[in-house]
Amino acid sequence: MSTNTVNISNAITPTNANNAEITATLNYSCTNNTESSQYVSVCLGVGNNDNTTSLNPRYLTAPSNTKLAFSMTLPDGSFWGEDSRSAYQPPPFFIPSDATITDSVVIKFALLPGFGNTLAMQGVYSSDFSGNHTTLTYQSAVESTPLGCETESYQQSQFPFTVQATVVNACKINTTSNVFLGSHPASATRFTGSNNSAIDMTCTNGAPYNIGLAPSNGNINGQGAMIDTESGTHQLPYQLFSNPTDTIWGNNGNTYDTLTNGLLGKGTGTVQLHTVYVTVPNADVKPATYSDTVTVNINY
């Protein structure tokens, strides 16, 4: 290979766990040390190192024994294997006496959807193709092009390599939704609104996270002020909560450890929804439509 370790990515997250890919070049050469020209057939095959016969998927494994499904494909889109149907076999070529022929083939390594890759936890995943898991077989003849490498008479050598990918802790906000408080008379006191899908997010399986909410006025304890949309001069105070009762939801730190009034959670590799509660102490303000923008910060 162009490198003995084919690294699909150092930053696998639920976002790219189903489609991260890379190509690597497998270079090979044949030298004719005889006094006669030779015709040569070459086959490059790669077997399985996990006691299975599957070419799709293959698996990268972490020390925790969790897995990532991947495939290795040839330029024609076929899965790369070791038998006469799946090994790479270029057209036979002619080598003059005391000459060397060099060639190469590009192999695509890709993570696969449909096998639970998004549930992978943090760690380095690898698959070692060493020893008899790879085989370069070849045949040569003086007078005519030899038969394919599936025949009985051939010679062989190995080209060991490792495939790996690193899963990292990461979080992504997929969507956010507004919290509507509705219409209330000026005499209303302590009314609350909520949205159970206000924060739609995905984090790496097992990744701890801490969510902070920051009103536009910069208050670190979630005490915001909605502004009337008509004149922009009147304010309606509000408080952010992480539950219907009295747990303040703020943004008093900018790391997982320093944020002490945020919302703690742990990623699952799948979508997680979080409810935001908004409480208004009273509505004794100028009648108008009021709104504010809250920034969501995820620390992990």
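Predicted model: local features only at pLDDT ≥ 70, side-chain atom pairs only at ≥ 80, totals over all residues.

Mentor: Residues are numbered from 1 along each chain as its sequence is written, and side-chain values use heavy atoms, with hydrogens and water left out.

Trainee: How many helices and strands are there in the protein chain?
Mentor: There are 0 helices and 20 strands. Both are DSSP runs numbered from the N terminus: H or I of at least four residues for helices, E of at least two for strands.

Trainee: Why is the chain called more spread out than a compact globule?
Mentor: The globule rule is 2.2 Å times the number of residues to the power 0.38, and the radius of gyration is taken over C-alpha atoms. For 300 residues the rule gives 19 Å, but the protein chain has 30 Å, well over that, so it is more spread out than a compact globule. Its C-alpha atoms fill a box of roughly 105 × 40 × 30 Å along the principal axes.

Trainee: What makes a set of residues a nonpolar core?
Mentor: They must be buried Ala, Val, Leu, Ile, Met, Phe, Trp, Tyr or Cys, joined through side-chain atoms within 4.5 Å. Buried means under 20% relative accessible area, exposed over 50%, and partly exposed in between, with a 1.4 Å probe and protein chains only. Buried residues make up 41% of the 300 here. The largest nonpolar core has 38 residues, and Leu44, Leu60, Met72, Trp80, Phe109, Phe161 and Val163 touch the most other members. Strands including β2 (21-32), β3 (38-46) and β7 (99-111) each supply at least two residues of this core, with β7 giving the largest share, 5 residues. Apart from it lies another core of 22 residues, among them Cys171, Ala198, Tyr209 and Trp249.

Trainee: Which residues does leucine 60 contact, leaving aside its neighbours within four places in sequence?
Mentor: Its partners include Ile8, Phe70, Leu111, Tyr125 and Val163.

Trainee: Why is valine 168 called partly exposed?
Mentor: Its relative accessibility is 24%, so valine 168 falls in the partly exposed class. Valine 168 is in the loop between β11 and β12 (171-176). Beyond four places away in sequence, valine 168 touches Asn10, Ala11, Ile12, Thr13, Gln122 and Thr204. Valine 124 is 44 residues away from valine 168 in sequence, with 8.7 Å between their C-alpha atoms.

Trainee: What makes asparagine 65 count as exposed?
Mentor: Asparagine 65 has 53% relative accessibility, so it counts as exposed. This residue lies in the loop between β4 and β5, and its phi is near 75 degrees, a positive value in a residue other than glycine.

Trainee: And why does arginine 190 count as exposed?
Mentor: With 52% relative accessibility, arginine 190 counts as exposed too. Arginine 190 sits in strand β13 (residues 189-203) and has a positive phi of about 40 degrees, although not a glycine.

Trainee: Where is proline 57 found?
Mentor: Proline 57 is in the loop between β3 and β4 (58-61). The peptide bond from asparagine 56 to proline 57 is cis, with omega near 10 degrees.

How values were computed: Contact = heavy atoms within 4.5 Å.
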